[in-house]
Amino acid sequence: MILDLASLNSVRAFAQTFLASEPRLDILINNAGVFTTGQTADGFDQAFQVNHLGHFLLTHLLLDRLKRCAPSRIVILSSNVHFLGKIDFRTIHKPGKGLWEMLTSYNSSKLANMLHARELAKRLEGTNVTCYAVHPGSVRTELGRSFPRWVFRVFGFMKTSRDHQ
């Protein structure tokens, strides 16, 4: 099924189609992410929407199914850069223009992931649905396709996804 986290309408349509066609949902892994600039049609910074808001909406639209299929779990991929994030509701609508703004948006989206996982885990206590936030480590994937070359020289320790095959 098609899902575009940069479109909240796509997230809603996906959830509706999924719920109509799939009787079970045992695990939800929120793993998509971008490191980019721009604004979505919904009016949010693209990185913040794709990395957090889209996952947040999808999770909550599917939550009743997860509860009905318990034991089940939700895994949210975050990053250890969350500690550099700051949730500023005045700027989540403003797309970043340069590398610093992209970093700020990415870090803030990862902080939002962590806060969401923590609050969701608390609210799901006793439901037999568990929620986790995980940092996958420093892996050079397609996420960094828009990084300047110097970033890879500075962070040359990053493994590629091919190193894990």
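1. Aromatic pairing. The model contains one aromatic pair, where rings of Phe, Tyr and Trp (its six-membered ring) pair if their centres lie within 6.5 Å, and planes under 30 degrees apart count as stacked, over 60 as edge-to-face and the rest as tilted. The pair is stacked, because the ring centres of F14 and F18 are 6.2 Å apart and their planes are at 20°. F14 and F18 are four residues apart in helix 1 (residues 8–21), and therefore separated by about one helical turn. Both are buried: F14 has a relative accessible area of 15%, and F18 one of 12%. Buried here means under 20% relative accessible area, exposed over 50%, and partly exposed in between (1.4 Å probe, protein chains only).

2. Basis of the note. This is a predicted model, in which local features need pLDDT of at least 70 and side-chain atom pairs count only at pLDDT 80 or more, while totals for chains, interfaces and linings use all residues. Residues are numbered from 1 along each chain as its sequence is written, and side-chain values use heavy atoms, with hydrogens and water left out. Helices (H or I, at least four residues) and strands (E, at least two) are DSSP runs, numbered from the N terminus.

3. Three strands, in the order 1-2-3, form an open sheet with parallel pairing. Strand 1 (27–30) and strand 3 (129–134) are the edge strands, each pairing on one side only. From one strand to the next, the twist averages 10°. Two strands are taken to pair if DSSP finds at least two bridges between them.

4. Strand pairing in detail. Strand 2 (residues 72–77) pairs with strand 1 over four bridges and with strand 3 over six bridges, in the parallel sense in each case. I76 links the two pairings: N30 has I76 as its bridge partner in strand 2, and I76 has A133 as its bridge partner in strand 3. Strand 2 is mostly covered, with five of its six residues buried.

5. Helix 2 (residues 46–68) lies across strand 1, strand 2 and strand 3, and runs at about 175° to strand 1. Contact means heavy atoms within 4.5 Å; axes are lines fitted to C-alpha atoms, for helices over the stretch in contact, and angles run from 0 to 180 degrees between N-to-C directions. Together, strand 1, helix 2 and strand 2 make a right-handed β-α-β unit, meaning that, with the strands pointing away from the viewer, the path from the first strand over the helix to the second runs clockwise.

6. Salt bridges. There are three salt bridges, each defined as a side-chain nitrogen of Lys or Arg within 4 Å of a carboxyl oxygen of Asp or Glu. One of them joins the side chains of R24 and D26 (2.5 Å, N to O). R24 is partly exposed at 47% relative accessibility, and D26 is partly exposed at 35%.

7. Salt bridges link E119, K122 and R123 in a network. The closest N and O atoms are 3.5 Å apart for K122 and E119, and 2.7 Å apart for E119 and R123. K122 and E119 lie three residues apart in helix 3 (residues 99–123), about one turn of the helix; E119 and R123 are four residues apart in helix 3, also about one helical turn. E119 is partly exposed, with a relative accessible area of 31%, whereas K122 is exposed at 52% and R123 is exposed at 66%.
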